[in-house]
Amino acid sequence: MAQKVTPNLVFMVRRHEPELIAPSKPTPHEFKLLSDIDDQQSVRLQVPIIQFYPSNRENVNSDPVKVIRDALAEALVFYYPFAGRLREVSGGKLVVDCTGEGVLFIEADADVRMEQFGEALHPPFPCLEELLYNVPGSDGILNSPLLLIQVTRLLCGGFVFALRLNHTMTDGPGLVQFMMAIGEIARGARILSVQPVWQRELLSARDPPHVTCTHHEYDEVANTKDTIASLLVDVDHRSFTFGPTELLALRKLVPKYISKCSTFDLLSACLWRCRTIALQLEPDEEVRFLCLVNARGRLDMSLPTGYYGNAFVFPAAISTVKKLSQNSLGYALELVMKAKSSVTTEYVRSVADLMVTRGRPPLQAAGSWLVSDNTRIRYTDVDFGWGKAVYGGLATGRVGDIPGLLNFYVQYRNNKGENAVVVPICLPAAAMERFVKVLGSMLAGNDQLVNGTVSCQIKSAL
C-alpha cells in the first residue's frame, strides 16, 4: 500500500466573473418531476468532479474555454432540465422548473503547470477551492443553478475542467453521459451518439406504494453515543492506493471459497473493518456498511439507453463493533457480499415506495460508512478535443456534511503502469493514525485482532 500525500503546491488562479450559460436555442418551459430515487434526502447534496487535460499539439491554437462554453450551450438544448431550477412541492417532492436560466460557468487562468501537480493525480488536490470556486449563494439545492463548471487554463497549455453537480439530477453514469455529449459537440458532432431520456416515472413509487423488502439503510437509530460529532473533529484527509500487490495480500486473508470475490467487495470489507477499529467505538455498538448498487442493466427494470436519472440504491450490511473487529476479514466480506446480492428489481421498487410512505427519510448516518465505486464510470474518456483526461472523477473525499461518511473508489494507474484503486479517506487525526497501522498490519498478513487492536507487533506497510 502506497500512501499518497499531496505535495505542498500553492498557486494563483485569476477568475473572470461567473456567467450563466443558457441553451443556445429556445427550450420548453415546463415542470418535470424527479423520481422517488432522485429526490430522497440523502441525495440532496453537491458533488465535485475534476478532470485534468494535458496540452495537445493539434489544438495549440484553440481555446478550451471557448470550445467548452459553446459546446455546453448546445448540449443544454438536449439536456435543458439542467438549465432550470429545483422547486419543492407538497410531500417534499422535487420538481425541475425548466426556466432555461442556465448553468454557472467560470473562465479562469492559473499560474501553474500540469507537471507541478506531480505524477500521481488523485484526491486530495491542492488549491481545489481555486479550481472549483464556490460562487456565493450558488450551492443551494433549491432555487439555485444545478451545475457549476469552471475551466482553468494552465501555463503548459493544458487545462482543468471542474464541475459541481446537484446530485438529485443525475448519478455518475448519467453525468458522464452529459459530459460526453458536450465533448461530442466540442469535437464537431451535430447528432449525439446517445439521446437523453428523462422518463423519471420509471423509478417513482407504485400506486399504491407497497414496501416489500427490509431496508436497514433507513433504520431509525438514536445517535446516543454521538459518533457523528466525533467524525467532525480535527479531520485528516489522505488517499490510499491499492494495486495488484496489496489486493493479493488481502485475498490471502479470506477463505478460498470466497477468495474470487470482486475487488470492490474485498476492499470494502477490509476498509470497513479497519475504519471501525480505528474509530474505537463501543463493542456493542451497531455499525453499518452501505454501498451504491446500480440498477442499470437489469432487464426487468426497463431503463432505456440514455436514461440519466439516479438509478441506484444503498443496501446495508450490519454488525456489532465487537464481531466486526474480532472476526476474520472473511466475516466482513460475507456481510458485504450478502448486502449487495440482496438488490433485486423488487428491492429498487420497494425503496421508491418507502420514500413515499415514510416521508423521504435520510440514510441512517450513526455508525454508518457509505461507499460508491467510481472505478467503472468513464470520467477519463470524456474528450473535449484534447484527448482523454489524465485524471477524471471525484475531486475530494470530503463530500456531504459529515466528512468520511461517504467514500469513493477511483480508478488509477500506478507508476508501474498497473491498474489500481485509489481510496480517499477522511477520519479524525488520531483515528487516521490507528487506521494506517491496522491497515498496514493486515497488508503484512496479520489478520488476528483482539479487542479491536492488533494482537501482535504492528508492522506498517508504509
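This is a predicted model: local features need pLDDT of at least 70, side-chain atom pairs count only at pLDDT 80 or more; totals for chains, interfaces and linings use all residues.
Residues are numbered from 1 along each chain as its sequence is written, and side-chain values use heavy atoms, with hydrogens and water left out. Local features need pLDDT of at least 70, side-chain atom pairs count only at pLDDT 80 or more, and totals for chains, interfaces and linings use all residues.

**View 1. Here's an open sheet of 3 strands, in the order E4-E7-E6.** The pairing is antiparallel (strands pair if DSSP finds at least two bridges between them; strands are DSSP runs of E with at least two residues, helices are runs of H or I with at least four, and both are numbered from the N terminus). E4 (31–33) and E6 (85–88) sit at the edges with a single partner strand each, so one side of each has no neighbour in the sheet. On average, neighbouring strands are turned by 35 degrees against each other, direction ignored.

**View 2. Now look at E6 beside E7 (residues 94–97).** These two run antiparallel and are joined by 4 bridges.

**View 3. Helix H1 (residues 64–78) packs against helix H3 (residues 172–186).** Their axes are 8 Å apart, at an angle of about 120 degrees (axes are lines fitted to C-alpha atoms, for helices over the stretch in contact, and angles run from 0 to 180 degrees between N-to-C directions). That makes H1 oblique to H3 (under 35 degrees is roughly parallel, over 145 roughly antiparallel, 65 to 115 roughly perpendicular, and the rest oblique). Among the residues meeting here are Val67 and Leu72 in H1, and Phe178 and Ile182 in H3 (contact means heavy atoms within 4.5 Å).
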